[in-house]
Amino acid sequence: MPSHRMPSEADIISTVEFNHTGELLATGDKGGRVVIFQREPESKNAPHSQGEYDVYSTFQSHEPEFDYLKSLEIEEKINKIKWLPQQNAAHSLLSTNDKTIKLWKITERDKRPEGYNLKDEEGKLKDLSTVTSLQVPVLKPMDLMVEVSPRRVFANGHTYHINSISVNSDCETYMSADDLRINLWHLAITDRSFNIVDIKPANMEDLTEVITASEFHPHHCNLFVYSSSKGSLRLCDMRAAALCDKHSKLFEEPEDPSNRSFFSEIISSVSDVKFSHSGRYMLTRDYLTVKVWDLNMEARPIETYQVHDYLRSKLCSLYENDCIFDKFECAWNGSDSVIMTGAYNNFFRMFDRNTKRDVTLEASRESSKPRAVLKPRRVCVGGKRRRDDISVDSLDFTKKILHTAWHPAENIIAIAATNNLYIFQDKVNSEMH
Amino acid sequence: MMLSKGLKRKREEEEEEKESLAVDAWWLDPGHPAVAQAPPAVASSSLFDLSVLKLHHSLRQSEPDLRHLVLVVNTLRRIQASMAPTAALPPVPSPPAAPGVADNLLASSDAALSASMASLLEDLSHIEGLSQAPQPLADEGPPGRPTGGASPGLGALDLLGPATGCLLDDGFEGLFEDIDTSMYDSELWAPASEGLKPGPEDGPGKEEAPELDEAELDYLMDVLVGTQALERPPGPGR
């Protein structure tokens, strides 16, 4: 969705998230804004706009803040948005920047009362001498108004930068994770949280590992996972202990000695972890691969997919320009049969777990007109080069697809390419396989 | 651990650095015959310099990206380990047991070492200034944990460290578990501390410029990385 304003750094999209039905899609950006898109209902009258997403609401979630104690500016960039399961007519979401999480309530107003006895149309008090009879005010339809209001502000819970939030399946609690700690909150209580993971060492000089992502299990409200900068996953059970510093399970793949380099640890750092919809598997993204883990097997992932292995020989340059620290997200489709993740040059990759086929697609205005079919792309690493192949050396490393999301039920994906949002739909195969 | 001349560079030097990196990266090329059999044993000093530069840059941020910092430090430790002459070095050398760094590396950076040290001290002096600031409020950590009701005044004593505060003993430490002083502990750095001036006991025949052994450099790096309290005993050989 192109912005009407001149593109600036504030417009860079920093997170994308579908709600539980897929009807709404929220994006957060570097300027602290949240934009919510709503899917238009399919109608026979306008078949061309079947199920397309239009802007539903825009609001400023976070503002830049100044921490006077530390003389630090707190960025307003939205790191994560998570929707709450819908429990009434209103929609609710959590949005967070580095330090503060906010609960927003989104309501619709499409009627307004008219015919007050004491007030006139503009709301001014009537002259009582003109009132001769009583009337019952009636609700009349009006243009749809979407109202957004902040319901809770969960502040002062984190010393370090928040990287994840996750709503529990109990719909009452949620967790927030920063580099060293994970806190559990009750959605209705803002003045305290419960610390459930703390990996801060007694001496900061002993710090060798940080928390990079965390998520609650989709069905078991006592289970959650968190990933680390050393490439490990820890599954924790909140019933086992109040402080979950001891994991129930540790998922870690031994280093491949033939691929060992000075950058082994950096590229093994997990940038995202997602439970499958079934709850049986976890998906992780590190710098070069996506991996599927079975919750019952800690020793190694059950599947590993190469996202852009051609970068393995370029790690030194990527270390120098800091690209090696880029944090890519990953996503499951609704049936857990396909996984998706972003890459460079505005490429994103999909892997079909059943057929073992994969595809590289590009999110760019040049290559995708509305309703056009996306053409698979290929990166050539030497050898035979086809006409439309891109060579590794001409990849644009400033065009990174870090944030992607998949509709919970249908083949609709949302891709954030810097300050542009692309929504792709698979019209032919809209049913899940 | 070396602090080499690469700490403060002009832009032109950085450009040269990039070129030298392209040349030096041969060890990562899987097609290279020397690499095909054995993983890289020794990093080039330019990779080391680059990492130190990154570490320095990361520390200069008002609020360092902890993940970036930790990954750079760990990578630097790997590189450092590979540069040591003895193969028996553990992959993550923990101070102060690590043996000395290769002599040629030290020799090549001796002249500029004191210059970079001076500039580092200058950079860190602004952090030191915070220690004279008014006492910080107590708990910066998660509010949910029971904190034992520590008052702001006691928090400041924690900054001074047990070496100076006779009011503090082990019994008090439980009170401070939840107080996160990570942002303030680094002000304990002072230029006159033992970690910086090796002094004559390092042996005769040394050059005028202070030659720091690896234990001290490691200690120095740890101070740069985080909250190294100065009451910690100095390394061996003192």
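Mentor: A salt bridge is a side-chain nitrogen of Lys or Arg within 4 Å of a carboxyl oxygen of Asp or Glu. The model before us is predicted, and by that criterion it holds 29 salt bridges over all chains.

Let us begin with A:K274 and A:D272. These two residues form a salt bridge in which the closest N and O atoms are 2.9 Å apart. Both partners are enclosed: A:K274 is buried, and A:D272 is buried as well.

A second pair joins A:K314 to A:D393, with a distance of 3.4 Å from N to O. A:K314 belongs to the loop between β22 (303-306) and α2 (315-320) of chain A, while A:D393 belongs to the loop between β28 (390-391) and β29 (403-406) of chain A; the pair therefore ties together parts that are 79 residues apart in sequence. The surroundings of the two partners can be judged from their accessibility. Buried means under 20% relative accessible area and exposed means over 50%, with partly exposed in between. A:K314 has 27% relative accessibility, so this lysine counts as partly exposed. A:D393, at 66%, counts as exposed.

A:K140 forms a salt bridge with A:E114, and the closest N and O atoms are 3.5 Å apart. Here, too, distant parts of the chain are linked: A:K140 is in strand β10 (residues 138-154) of chain A and A:E114 is in strand β9 (residues 101-114) of chain A, 26 residues apart. The relative accessible area of A:K140 is 36%, and this lysine is therefore partly exposed.

Salt bridges may also be joined to one another. A:D11, A:D29 and A:R33 are linked in a network of salt bridges.

A disulfide is a covalent bond between the sulfur atoms of two cysteines. The count of disulfides over all chains comes to zero. A:C316, for example, is in no disulfide, as the nearest cysteine sulfur, that of A:C323, is 13 Å away. With a relative accessibility of 4%, A:C316 counts as buried. Another cysteine, A:C236, has 0% relative accessibility and therefore also counts as buried.

To return to your request, the pairs described here include A:K274 with A:D272, A:K314 with A:D393 and A:K140 with A:E114.

Notes: Residues numbered from 1 in each chain as written. Chains lettered and ligands numbered in written order. Predicted model: local features only at pLDDT ≥ 70, side-chain atom pairs only at ≥ 80, totals over all residues. Heavy atoms only, no water. Disulfide = S-S within 2.5 Å. Buried < 20%, exposed > 50% of the residue type's maximum accessible area, 1.4 Å probe, protein only. Helix = DSSP H or I, 4+ residues; strand = E, 2+ residues; numbered from the N terminus.
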